[in-house]
Amino acid sequence: MELKTIKKIGVLTSGGDAPGMNAAIRAAVRAGFYYNLEMYGIYRGYEGMIQNDIKKLDSKNITHVLERGGTFLKSARSEEFRTPEGRKKAYKNLKTHGIDALIVIGGDGSLTGAHLFFQEYGIPAVGLPGTIDNDLSGTDSTIGFDTACNTAIEAIDKIRDTATSHDRLFFVEVMGRDAGFIAINAGIGSAAAAILIPENKTPIETLVEKLKSRTKAMKTSNIVIVAEGGKSGSAQEIADKVKKFLPYYDIKVTILGHLQRGGAPTSFDRLLASKLGVAAVEGLMQGKYDVMAGLINHKVVFTPIVKAIVDDKKVDEDDLRVANILST
Ligand code: ATP
């Protein structure tokens with residue numbers, strides 16, 4: 001692929017918002033200014049690209065955004081961008097502004113869109129892994145994952161106070177429809193009695209046996225972490241089944257929901273987002289197109305987008321083993 005001269009870069013956030021997206025935008029824009037590039041904000045993800053919601057950014061736009069959750073560029077899901085006609089409109093708008101490259105911050109869907117767009121129109125793009133789910137290969141952690149785990153743990157700590165005071169059994173549902181990364185991290189970090197992740201199906205009898213043995217061991221509180229939409233069912237469904245086996249237990253269900261997406265990014269996410277924001281601009285300048293920038297063993301690594309989205313990142317078997325030892 002020949003090296004293109006890049007003068008104007010468009011930045012967008014797409015898919016579900018994640019804490020640290022602002023820090024990534026800010027880092028990319030600052031790096032762009034450092035290298036004398038013009039930087040454009042594409043508002044509301046691909047939807048804004050199609051509707052020409054594109055504005056040149058100056059340093060005022062990125063003042064005091066690093067520490068804020070969400071994304072000041074706003075995010076959206078765009079059905080129209082999935083169609084060739086939608087992408088054609090988006091391309092025309094980019095050309096009107098003279099934008100020659102893109103930085104796309106989002107999850108696997110958003111990066112798939114960037115890859116397709118590059119294939120069709122040759123617009124160089126670097127993707128950044130912006131999702132709380134941590135379900136992208138090519139990076140040890142995605143932007144927002146650490147913050148989401150911290151938020152979940154803080155909430156679970158509070159739930160434990162009431163669980164202990166009343167000898168209650170709590171089922172806490174955390175985010176992660178297809179991947180149990182938040183569940184396993186928050187579960188180990190909050191001393192959960194059991195962790196149910198989408199990747200594994202846990203028979204209800206196994207869970208009940210575990211809870212019974214913990215009761216015998218005089219554990220005063222039991223918290224079971226359930227990743228949403230897992231094979232074993234929702235937290236409420238599992239709680240209803242367990243109730244039939246353990247009728248003497250006062251069982252409660254809490255769904256943490258969207259609070260896991262919000263809040264100020266942790267220091268880890270700020271650093272990750274800042275490094276990757278700079279890497280995205282430098283990668284584009286060096287001719288690294290159609291790739292995702294990630295951090296592996298503290299070093300920036302560029303992975304082809306097709307590999308980052310297709311490879312199934314698995315929950316570490318050793319984390320599962322550790323979780324089991326610590327909850328027995
Ligand atoms: P999250 O992990 O938070 O769900 P995501 O980036 O995976 O984030 P999606 O809703 O899957 O979220 O994708 C975001 C947007 O990316 C879609 O609304 C669509 O505009 C675009 N997109 C996703 N998949 C494709 C595709 N196959 N072709 C073109 N565009 C796509």
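Trainee: How far is an oxygen atom of the ligand from an N or O atom in the side chain of Asp108?
Mentor: This is a predicted model, where local features need pLDDT of at least 70, side-chain atom pairs count only at pLDDT 80 or more, and totals for chains, interfaces and linings use all residues. Residues are numbered from 1 along each chain as its sequence is written, and side-chain values use heavy atoms, with hydrogens and water left out. A polar contact is a pair of N or O atoms within 3.5 Å. For the side chain of Asp108 the distance to a ligand oxygen is 2.8 Å.

Trainee: Which side chain has an N or O atom 2.5 Å from an oxygen atom of the ligand?
Mentor: The side chain of Thr131 has an N or O atom 3.3 Å from a ligand oxygen, so by the 3.5 Å limit that pair is a polar contact. The value of 2.5 Å belongs to Ser110.

Trainee: What percentage of the ligand's area does the protein bury?
Mentor: Accessible areas come from the Shrake-Rupley method with a 1.4 Å probe. Taken alone, the ligand exposes 620 Å². Of that, the protein buries 85%.

Trainee: Which helix gives the largest share of the shell around the ligand?
Mentor: The shell is made up by class of three nonpolar, ten polar and four charged residues, with Gly counted as polar. Helices are DSSP runs (H or I, at least four residues), numbered from the N terminus. The largest share, six residues, comes from residues 108-121, helix α4.

Trainee: How many residues line the largest pocket?
Mentor: The ligand sits in this pocket, meaning more than half of its atoms lie within 2 Å of the pocket's grid points. Lining residues have an atom within 4 Å of a point. Gly15 and Gly16 are among those nearest the centre, and the lining count is 34.

Definitions and conventions:
A polar contact is a pair of N or O atoms within 3.5 Å; within protein, one must be able to donate a hydrogen and the other to accept it, and residues adjacent in sequence count only if both atoms are side-chain atoms. On a 1 Å grid over the protein atoms alone, a cavity is a set of points where a 1.4 Å probe fits but cannot get out, and a pocket is an open set with protein on both sides within 12 Å along at least five of seven lines; lining residues have an atom within 4 Å of a point. Helices (H or I, at least four residues) and strands (E, at least two) are DSSP runs, numbered from the N terminus.
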